[in-house]
Amino acid sequence: MTTQPIPPLPTLGQQTLTLNGLRFDASLGILETEKEAPQPIQVDAELSLGAQSLLPADDGIIHVLDYRKVRKIIIDECTAEHVNLLETLIGKLCHRLMQLPGVKGVRVKIAKLEIFDDCEVAIRMETGQWH
């Protein structure tokens, strides 16, 4: 009877940073009422960081993508100026998030929460590498 060698434990994994349900007001839309006052939106974002060590080099924030920074970038990009189209805003946000160090891919959904009484309107965009 021969014994099978035990395979080594994995040291890498595919890592994704996710921020879901981020709500704030943004100046967005083509209607006069939308141009006069900001409206609530919700942003969900996934950032693919590709293959990462299962354990960081140490337990310090300098070795990982700080999600506080990602949150601030999302809010700042979406509130920097009035944007007419949701499609324009999501494209700008995806472009900005792709510039972060180590980010391989981005998936973003932006929803306008109060445009209609009976539904949510949202755009989803994906770019970059996903595994």
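Me: In which strand is lysine 109 placed?
Reply: Lysine 109 belongs to strand β3; a strand is a DSSP run of E with at least two residues, a helix a run of H or I with at least four, each numbered from the N terminus. The model is predicted, so local features need pLDDT of at least 70 and side-chain atom pairs pLDDT 80 or more, while totals for chains, interfaces and linings use all residues. Residues are numbered from 1 along each chain as its sequence is written, and side-chain values use heavy atoms, without hydrogens and water.

Me: What makes the link between the side chains of lysine 109 and glutamate 120 a polar contact?
Reply: The two side chains are joined at 3.3 Å. The definition asks for a pair of N or O atoms within 3.5 Å, where within protein one must be able to donate a hydrogen and the other to accept it, and residues adjacent in sequence count only if both atoms are side-chain atoms. The value of 3.3 Å therefore meets the limit of 3.5 Å.

Me: Why are β2 and β3 called paired strands?
Reply: Pairing requires that DSSP finds at least two bridges between two strands. Within β3, lysine 109 is the bridge partner of aspartate 44.

Me: Why is one side of β1 and of β4 left without a neighbour in the sheet?
Reply: The open sheet has four strands in the order β1-β2-β3-β4, with antiparallel pairing. β1 (12-26) and β4 (121-128) stand at the edges and have a single partner strand each, so one side of each lacks a neighbour.
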